[in-house]
Amino acid sequence: MIPSVLPTYSRAPFAFEHGEGSWLVTTDGRRMLDLGAGIAVNALGHAHPALVRTISDQAAKLWHVSNLYQIPEQEALADKLVELTFADTVFFTNSGTESCELAVKMARKYWYDKGQPERTDIITFDGSFHGRSAAAIAAAGAEKMVKGFGPLLPGFVHLPFGDHEALQAAVTPNTAAILVEPIQGEGGIRVLPDACLKGMRDICDASGTLLILDEVQCGMGRTGRLFAHEWAGITPDIMMVAKGIGGGFPLGAVLATEDAASGMVAGTHGSTYGGNPLGCAIGKTVTDLVSAPDFLEEVNRKAGLFRQKLESLVAAHPTVFDSVRGTGLLLGLKCRAPAADLVKAGFDEEVLTVPAADNVLRLLPALNIPDEDIAEAVARLDRAAARVEAAAG
Ligand SMILES: *Cc1c(COP(=O)(O)O)cnc(C)c1O
């Protein structure tokens, strides 16, 4: 008999009763060290006092009003994001998938309005992940996401990851945009080298193509800069944001330059919940904290500490781990043993990690994880690796 919850996930056999910083406490009282952070969502850990205060204060005032009216909380967050980034304008969504939908629509509308309606193709890359809507699965194109869900939204051109020549050859007069994650999250913490991102920007500049960055997982301070593309010294035309920006509350955004957004006039797009006062008040607190002067410096320091310990861990378990990858606190352990076995052994050692493609174990702790929790995390991963070694005999 089908469970009352549609069984599209295979879930671990425990649930959580509350959370506190980098820790989650199960309903039967086990304290688990959380290196998943809701898959890069709980950027400030669980029950951060400033977020609890913001949500309580705002909840007592106003949760939702329609976008038919002015929403000062939304304007405040948009102003802040515009001040901090390349963007001139922001549309608020409720998820990464919804941000993907708008990014695709915005790019196509741009060329339609410029009198080049044939420019509808969007180039994407192997191993990418952009969400689960019909457009987002067509964009990613992986068989396991699209099989059985056809006919797919046309107009996506899939290229190998990090192949500059293939990309150059694939840009045609019908290309509207290139859509890429600066670091593939679900794809296995595959970092697009800065030179590749710069090369993409050059190709876009030469052909007029729009550059859409999906920073849903790698943005909001995760890599040690507010957005990952800052490391490469380039800017996109359109950027998808979600996950960390709400700190656990469902919130996403599409950021764009004035030019890229020029087709999106009144009536061309909307969202009932997108940009509601509650979500935007929380997003503002998260953004203020993450963009505060010392915060990202601390992320980089913690990332250095974590990475150094992980390198030693890999060296200590050569049959289990292959290497460390990633930037900032978007880290992956490329495994030799099945990554799924390590996730399970981690449960036994009360440390939560997230598997990714390419046999990678993802480590995405809260950006403010205390140093002692980093040390504890590595100690637990060390014991989990020993369990996997013992099971292999
Ligand atoms: C999670 C993710 C999405 C989809 O976000 P949802 O909020 O789950 O819809 C899109 N792109 C990337 C890179 C992601 O990691």
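In this predicted model, helix α10 passes helix α12 in a right-handed crossing. Helix α10 spans residues 293-316 and α12 spans residues 371-392. Two packed helices are described by the angle between their axes and the distance between the axes. For α10 and α12, the angle is about 20° and the axes lie 10 Å apart. Angles under 35 degrees count as roughly parallel, and α10 and α12 are therefore roughly parallel to each other.

The residues that build this contact can be picked out on both helices. Helix α10 contributes R301, K302, L305, F306, K309, L310, L313 and A316, while D371, I374, A375, V378, L381, D382 and E389 come from α12. Sorted by class, nine of the contact residues are nonpolar and six are charged, with no polar ones. The spacing of such residues is worth a look while turning the model: an α-helix has 3.6 residues a turn, so residues three or four places apart point the same way.

Leaving aside residues up to four places away in sequence, F306 touches L35, L329, L331, L363, P365, I374 and V378. Two of these partners, I374 and V378, are also among the α12 residues in the helix contact. The C-alpha atoms of F306 and A375 are 7.8 Å apart in space, although 69 residues separate F306 and A375 in sequence.

Attention now turns to the strands. Four of them form an open sheet with mixed pairing, in the order β1-β2-β3-β15. The edges are taken by β1 (16-20) and β15 (351-352), each of which pairs on one side only. Helix α12 packs on this sheet, where it touches β2, β3 (31-34) and β15. The direction of α12 makes about 105° with that of β3. Within the sheet, β1 and β2 (residues 23-26) pair in the antiparallel sense over four bridges, and G19 stands opposite L24 in β2.

A hairpin is found elsewhere in the chain. Strand β13 (residues 321-327) and strand β14 (residues 330-335) run antiparallel and are joined by six bridges. Across this pairing, R325 stands opposite G332 in β14. Two residues lie between the strands of the hairpin, and G328 takes a positive phi near 60°. Helix α11 itself covers residues 339-348, and its buried residues are A339, L342, V343, A345, G346 and F347.

Helix α2 (residues 49-61) and helix α9 (residues 277-290) have axes that come within 9 Å and cross at roughly 155°. Angles over 145 degrees count as roughly antiparallel, and α2 and α9 are therefore roughly antiparallel to each other. Helix α2 passes α9 in a right-handed crossing. On the α2 side the contact is made by A50, L51, T54, I55, Q58 and A59, and on the α9 side by P277, L278, A281, I282, T285, V286 and L289. By class, this contact has 10 nonpolar and three polar residues, and no charged ones.

Technical notes
Residues numbered from 1 in each chain as written. Predicted model: local features only at pLDDT ≥ 70, side-chain atom pairs only at ≥ 80, totals over all residues. Heavy atoms only, no water. Axes fitted to C-alpha atoms, helices over the stretch in contact; angles between N-to-C directions. Parallel < 35°, antiparallel > 145°, perpendicular 65-115°, else oblique. Left-handed = near helix turned anticlockwise from the far one by under 90°. Contact = heavy atoms within 4.5 Å. Nonpolar A, V, L, I, M, F, W, Y, C, P; charged D, E, K, R; others polar. Pairing = 2+ DSSP bridges. Buried < 20%, exposed > 50% of the residue type's maximum accessible area, 1.4 Å probe, protein only.
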